[in-house]
Each structure stands twice: as structure tokens, then as C-alpha cells.
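Me: I have a protein model open and would like to go through some parts of it with you. Could you take my questions one at a time?

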Amino acid sequence: MTKITIAIDGFSSTGKSTVAKQLAKALGYVYVDSGAMYRSVTLYAMRNGFIEADCFDEEGLVSQLEHIKISFKFNEDLGFAEVYLNGENIEKQIRTLEVSQFVSQVATVSEVREQLVKQQQNFGKDKGVVMDGRDIGTVVFPDAELKLFMTASAEKRAKRRYDELIERGDDVCYEDVLINVQTRDHIDSTREDSPLTMAEGSIKVDNSNMTLEEQFDFVLKHSEEKIIEVHKKKRH
């Protein structure tokens with residue numbers, strides 16, 4: 001069967017990564033978490049003193065981009081690929097609220113976006129890929145056969161993120177998580193370089209009141225229909 005490119009965009013904490021992983025597994029596709037790549041750069045910046053409290057040394061970070069190597073390795077026990085920064089597994093370290101507080105700021109840096117977009121496009125050159133992020137359908141894969149846009153209310157997303165962090169053992173309060181979600185929404189939607197917008201031709205998925213199963217069934221149905229449609233077109 002013909003393979004396609006599936007681009008999943010949307011606001012933070014809408015479950016993009018969760019459904020993208022499920023979809024890639026069901027279709028036998030490669031999954032790439034573009035958000036994890038930006039989080040990796042953010043973690044690198046924090047570890048190397050380019051981000052401290054309210055100070056962000058943008059030029060310092062840009063000067064080190066060539067030293068930031070990001071890769072994904074499939075973990076059979078977990079059933080998905082984990083992210084590595086310069087050979088170190090940082091899957092857990094990049095999911096903290098501290099990293100979340102700075103990742104949208106780092107993602108506004110044009111040089112960072114340019115570097116990561118190149119890597120992301122290389123991941124998808126052979127089709128059969130599911131990628132989620134903020135600008136996948138608009139910038140990374142504008143010609144993707146299927147584009148999905150995930151959204152939900154800020155309150156619903158904050159509650160999901162809060163529950164996830166608490167379950168991990170993080171010491172956070174709901175109000176801080178909600179403020180973080182709202183702040184990231186504003187930064188992502190108003191940045192000059194590749195702002196978060198719904199790509200033309202996207203299917204909107206408002207999962208405010210969807211269960212995970214309902215959400216997965218919805219996107220799988222549209223994915224399978226698109227694959228069949230593209231396959232038929234290529235045969236003719």
C-alpha cells in the first residue's frame with residue numbers, strides 16, 4: 001500500500017504526541033516528535049547557562065547549534081522512540097515544567113527552527129512518517145497528504161498536563177500549569193517565524209470532550225481513508 005506523510009499540529013498538551021505514537025504504530029510508520037527536538041535544544045541551553053531565570057542568551061545558544069546532535073532510538077519495552085541529546089537519553093528530563101517554561105521562547109529563534117526543520121524534513125524524505133509539532137503542516141511538510149490540527153480548551157489541557165506531572169511525581173500546582181499553557185499558546189501563535197496556525201486543508205480535531213479511544217479512532221479513520229485515496233490516484 002502507498003505510504004503518505006501525516007502532519008499533526010496543534011496547541012501544547014492536546015495529546016499530539018500520544019495520538020501520533022498510536023497512529024504510527026497502527027500504520028507501521030516512523031514517528032518523529034518534533035516538540036521533543038525543541039525541548040532537547042532547550043535542555044541544552046539550560047544546562048550550558050544560556051537560560052537562567054529571566055535571562056536568555058540567544059546568541060550564545062545559536063553559536064552552539066552545530067554541537068547539538070538529536071536522535072531517536074526505538075525502545076521496544078515502551079513501544080516508542082526515545083529522544084537522545086549527544087548520545088544521552090533525555091526522554092524524562094525534557095518533560096519537566098521547567099523545560100516547558102522556556103521551550104516556546106527557544107522555538108522563536110529563527111536559527112534554531114531552521115536547523116531543526118532541516119533535520120525533520122530529512123526524517124520524512126521516504127514518506128511513511130507521522131510527525132507532530134507546531135509548524136509541520138505549514139513549514140516542514142506543506143505537501144503532506146494528511147494534515148490534522150489538534151485543539152482543546154486551555155483548562156482541559158492544563159488539567160491533563162497537571163495530572164501527567166503529578167503522576168510522574170513532580171511537585172506542581174494546577175494554576176502554574178494553566179499559566180504555562182496560556183503563555184505558550186500566546187508565544188506559539190504570535191511569534192514572527194512560523195507561528196502556530198492551522199494549515200490549509202487540515203482536519204480540525206477538538207478533543208476537549210473526547211476519550212483517548214475516540215480520538216484515536218477518529219484520526220485512524222481519516223488516515224486510512226487518505227491512504228486509500230492516494231493509493232487509488234497513484235494507480236490511475
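Me: Where is S194 found?
Reply: In this predicted model, S194 is found in the loop between α8 and β10, the strand of residues 203-206.

Me: And is S194 buried or exposed?
Reply: S194 is buried, since its relative accessible area is 13%, and buried means under 20%.

Me: What about its phi, the phi of S194?
Reply: S194 has a positive phi of about 55°, although S194 is not a glycine. That is worth a remark because most residues other than glycine have a negative phi.

Me: Now N86, what is its phi?
Reply: N86 is not a glycine either, and its phi is positive, at about 50°.

Me: Where is the place of N86, and how accessible is N86?
Reply: N86 sits in the loop between β6, residues 80-85, and β7, residues 88-89. With a relative accessibility of 41%, N86 counts as partly exposed.

Me: Back to the loop between α8 and β10, what can you say about R191?
Reply: R191 lies in that loop between α8 and β10, and R191 is buried, with a relative accessible area of 6%.

Me: Which polar contacts does the side chain of R191 make?
Reply: There is a polar contact of 3.5 Å between the side chains of R191 and D188. The side chain of R191 also reaches the backbone oxygen of D193, at 3.1 Å.

Me: How do α4 and α8 pack?
Reply: Helix α4, which is made of residues 97-107, packs with α8 at an angle of about 20°, and their axes are 8 Å apart. Angles under 35 degrees count as roughly parallel, and α4 and α8 are therefore roughly parallel to each other. The crossing of α4 past α8 is left-handed.

Me: Which residues make that contact of α4 with α8?
Reply: From α4 the contact has L97, S100, Q101, V103, S104 and Q105, and from α8 it has N180, R184, I187 and D188. Sorted by class, the residues in this contact of α4 with α8 are 3 nonpolar, 5 polar and 2 charged.

Me: What about α7 and α8, at what angle do they cross?
Reply: The axes of α7 and α8, the latter being residues 174-190, come within 9 Å and cross at roughly 125°, and the two helices are therefore oblique to each other. The crossing of α7 and α8 is right-handed.

Me: Which residues meet there, and of which class are they?
Reply: On the α7 side the contact is made by A154, E155, R157, A158, K159, R161, Y162 and L165, and on the α8 side by Y174, V177, L178, V181, Q182 and D185. By class, the contact of α7 with α8 has 8 nonpolar, 1 polar and 5 charged residues.

Me: R161 is in that list, so is R161 buried or exposed?
Reply: R161, which has its place in helix α7, residues 154-168, is buried, with a relative accessible area of 8%.

Me: What does R161 touch, and which side chain does it have a polar contact with?
Reply: The side chains of R161 and S100 are joined by a polar contact of 3.2 Å. Not counting residues up to four places away in sequence, R161 touches S13, R39, R95, T96, S100 and V177.

Me: One last topic, where is V140 and what does it touch?
Reply: V140 has its place in helix α6, residues 136-140, and V140 is buried, with a relative accessible area of 3%. Apart from residues up to four places away in sequence, V140 touches V117, Q120, Q121, M131 and D135.

Me: How far is the C-alpha atom of V140 from that of A7?
Reply: The C-alpha atoms of V140 and A7 are separated by 8.7 Å, and these two residues are 133 residues apart along the chain.

Terms used. Residues numbered from 1 in each chain as written. Predicted model: local features only at pLDDT ≥ 70, side-chain atom pairs only at ≥ 80, totals over all residues. Heavy atoms only, no water. Helix = DSSP H or I, 4+ residues; strand = E, 2+ residues; numbered from the N terminus. Buried < 20%, exposed > 50% of the residue type's maximum accessible area, 1.4 Å probe, protein only. Polar contact = N/O pair within 3.5 Å; in protein donor to acceptor, adjacent residues only side chain to side chain. Contact = heavy atoms within 4.5 Å. Axes fitted to C-alpha atoms, helices over the stretch in contact; angles between N-to-C directions. Parallel < 35°, antiparallel > 145°, perpendicular 65-115°, else oblique. Left-handed = near helix turned anticlockwise from the far one by under 90°. Nonpolar A, V, L, I, M, F, W, Y, C, P; charged D, E, K, R; others polar.
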